[in-house]
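Visitor: I would like to go through this structure and hear the grounds for each label put on it.

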Amino acid sequence: MRKDIITLAHGSGGKVMQELIQDIFLKYFTHPALSVLTDAAIFKVEGKNLCFSTDAFVVKPLFFPGGDIGKLAFCGTVNDLAVSGARPLFISCAFILEEGLELSVLEKILASMKSVSSQTGIPVITGDTKVVEKGKADGLFITTSGVGLRLPGVKLERKDIQPGDKVLVTGPIGDHEIAILLARGDFQLEASLTSDCAPLHTLTEEMLRMEPSLRFLRDPTRGGLAAVLNEIVSGLNCGFLVEERLIPVRKEVAACCGILGLDPLVLASEGRVVAIVRKEKAQGLLSKILKHPLGKGAKIIGEVIPDYPGRVVLKTITGSLRLVEMPVGISRPRIC
Amino acid sequence: MNYLTDFRDQTQAEILLERIRQLSRGLPEINLMEVCGTHTMAISRFGLRKLLPGNIHLVSGPGCPVCVTPESYLDQAIILAEKKNVCLTTFGDMMRVPASHSSLEESLTRGSRITVVYSPLEALELARKSKQEVVFLAIGFETTAPAVASVILLATRKKVKNFSVLVGHKLIPPAMDSLLLDRQVKIDGFICPGHVSAIIGTKPYQFIPEKYGLPCVIAGFELIDILQSIVMLLEQIQKKDACVQIQYSRCVRPEGNEKAWRLVNLIFETGRTLWRGLGSLDNSGLYLRKDYRLWNACWKFDLPEMETSAKSSCRCGDVLKGLITPQQCPLFKKSCSPSRPKGPCMVSSEGTCAAYYRYEV
């Protein structure tokens, strides 16, 4: 097979995308801030630690239960800054609009973005629009960027992760991706399920205030828990052991996975955080998260182990172990 | 009954495992073949292989429709996809399967129109709304053949002339027979596919206990289903009384789905066909009957017969027969991985190699 062309798999958040970034993009862009490959770049300006992040959104359909492309684009960048330990300050957004798009659709999306902006107090301070010919974009695409101020005392360094640390997730996984799949109507399935899409900065700020020595944070978007855990553990001298029975999955999501043959572990969430935390702080942090409106279903799902370095291992419901691989690109619908 | 939790109940699983341990005592090495790819995936996902006693082995069989589809079929599909007025429709799994020189995914980047659909009905709907020729890649076993048959019937009735199918359907029992005739393959019992059997019932497997004295159990896909099926197989082996049993009784009746199977026989006839890895097998393929040739893409587009070239050191064939485990293939996890598959067993979400790659510690 030819390897010299872009396929949909390159956009799936899995292994193929990682290879694209490592082998192609990093060949040309080499700034040290990029080398850690986190969700946002962290750098110092006049003694202040700043975070800067950017993200493009091509979700289809534009509207889905629990959100729309505008809310998703706003929250996506806010969340990338949040899990980098920053307080988001400003957002920029660029729109690629398709000829023929109804203005009412655009306005509905803008109103939704304004609503998140007012609710969070994070303003949009610059933007851009371009229009392309009909058929060259699916309604509209949005790119958002954001600048944030890193909270004092935050470390969030992957290399500090040690055996004994706990793995925590702030709520049930996969709601967003299943909500999108159902909203597309391809399967004629119905469920009372909404996307978990939400701005996470107040939750992460609270977590970091309580536990500044949090080892690491990440939001399990494309590629789900499987991708995020693999990314975090990659290259470390320890492994992750997570327990299937502890991982929170809504019954609607589990049922859809059963019918469609999907694995909940690779499904995207847009309002969850995965945290690696010191063992002795884990329970206290969990109780704190459970009190936050966005942390209602939080759970400790596993721990860091000295075995299986660089790998994620799942203790299945039968008690035996199996690998959780980095998902490989499969072309499911565009989810973000 | 809660279908999400009860069939994964740990207490029940432990009881069944204990029963398996009891039954396995005093037995020699036992190879049970799970024929179906969905079983292979489930077994790996639940981590079952490691829980069984040392003398009970689960061997994966040829029951992944994507894996056994020969390169020549994909070559024809690519020719179709690259015709000007054709929109090819397919199940998503087929996109990345290597053909002789290319793949559908790659053909897509050359500008051909390929749409992933979830059912043949969706493909027919697409044809009714379109002026293009819509071709559906009809692959799969007895499970998917009735849906394709009903869509052909619908196309006939509604006179949808811009719709056709490239048929690659295969039948499971002839493949099981060919495995049993192969002296190299050692099988002591079959975990029979649940959904294939929902269509064909128990009768097509009867030759296995009768001719070979081997037990068959038609199994569901949850943890408890699979464990219970292993118990049933071992009980038959212990009693030396082989027959075809149904564990998956919530879906499978002994007579199968007669209406669906009648429909298949109305539209298709059986013939010799090529399986990747197993070779050419008598009466193992479905072909559209002459009356329906207007909907046969081979006839409509006058597709050339394709040669399948034997090449590379990929051992998918031996994996499909259960002769080797994926780890024994020289390419496994080296030059062959789900992101860079060399053979079909690594591409398909139900492929044995993909299951081992993804799940086995």
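**Labels and their grounds**

Guide: At a relative accessible area of 18%, Glu133(B) counts as buried. The model is a predicted one, and the values discussed here are computed from it.

Visitor: Why is Glu133(B) called buried?

Guide: Buried means under 20% relative accessible area. Glu133(B) is at 18%, so the label applies.

Visitor: What makes Lys300(B) partly exposed?

Guide: The class covers what lies between under 20%, which is buried, and over 50%, which is exposed. Lys300(B) has a relative accessible area of 26%, so it is partly exposed.

Visitor: Why are Lys300(B) and Glu133(B) called a salt bridge?

Guide: The rule asks for a side-chain nitrogen of Lys or Arg within 4 Å of a carboxyl oxygen of Asp or Glu. For Lys300(B) and Glu133(B) the N to O distance is 2.9 Å, which meets the rule. Lys300(B) sits in helix α13 (residues 297-300) and Glu133(B) in strand β5 (residues 133-138), both of chain B, so the pair ties together parts 167 residues apart in sequence.

Visitor: What makes Asp177(B) and Lys211(B) a salt bridge?

Guide: Their closest N and O atoms are 3.3 Å apart, and the limit is within 4 Å. Asp177(B) belongs to helix α8 (residues 172-181) of chain B and Lys211(B) to helix α10 (residues 207-212) of chain B, so parts 34 residues apart in sequence are tied together. Lys211(B), at 51%, is exposed, because that class begins over 50%.

Visitor: Which classes do the partners Lys186(B) and Asp188(B) fall into?

Guide: The side chains of Lys186(B) and Asp188(B) meet in a salt bridge at 2.8 Å, N to O. Lys186(B), at 47%, is partly exposed, whereas Asp188(B), at 17%, is buried.

Visitor: How do you know that chain A and chain B are in contact?

Guide: Contact means heavy atoms within 4.5 Å; 31 residues from chain A and 29 residues from chain B take part. The two chains bury about 2,700 Å² between them, 62% of it on carbon and sulfur atoms.

Visitor: Where is the cis peptide bond that joins Lys60(A) and a proline?

Guide: The bond joins Lys60(A) and Pro61(A), with omega about 5°. Pro61(A) is in the loop between β2 (48-57) and β3 (63-64) of chain A.

Visitor: How many cavities of 30 Å³ or more does the search find?

Guide: It finds one. The volume of the largest cavity is about 50 Å³, and its lining includes Cys314(B), Phe332(B) and Lys342(B). The lining residues divide into seven nonpolar, one polar and two charged.

Notes: Residues are numbered from 1 along each chain as its sequence is written. Chains are lettered from A and ligands numbered from 1 in the order in which they are written. This is a predicted model: local features need pLDDT of at least 70, side-chain atom pairs count only at pLDDT 80 or more; totals for chains, interfaces and linings use all residues. Side-chain values use heavy atoms; hydrogens and water are left out. On a 1 Å grid over the protein atoms alone, a cavity is a set of points where a 1.4 Å probe fits but cannot get out, and a pocket is an open set with protein on both sides within 12 Å along at least five of seven lines; lining residues have an atom within 4 Å of a point. Grid points are joined across faces, edges and corners, and a volume is the space filled by probe spheres set on the points. Ala, Val, Leu, Ile, Met, Phe, Trp, Tyr, Cys and Pro count as nonpolar, Asp, Glu, Lys and Arg as charged, and the others, Gly among them, as polar. Helices (H or I, at least four residues) and strands (E, at least two) are DSSP runs, numbered from the N terminus. Buried area is the accessible area (1.4 Å probe) that two parts lose on being put together, summed over both. Buried means under 20% relative accessible area, exposed over 50%, partly exposed in between (1.4 Å probe, protein chains only).
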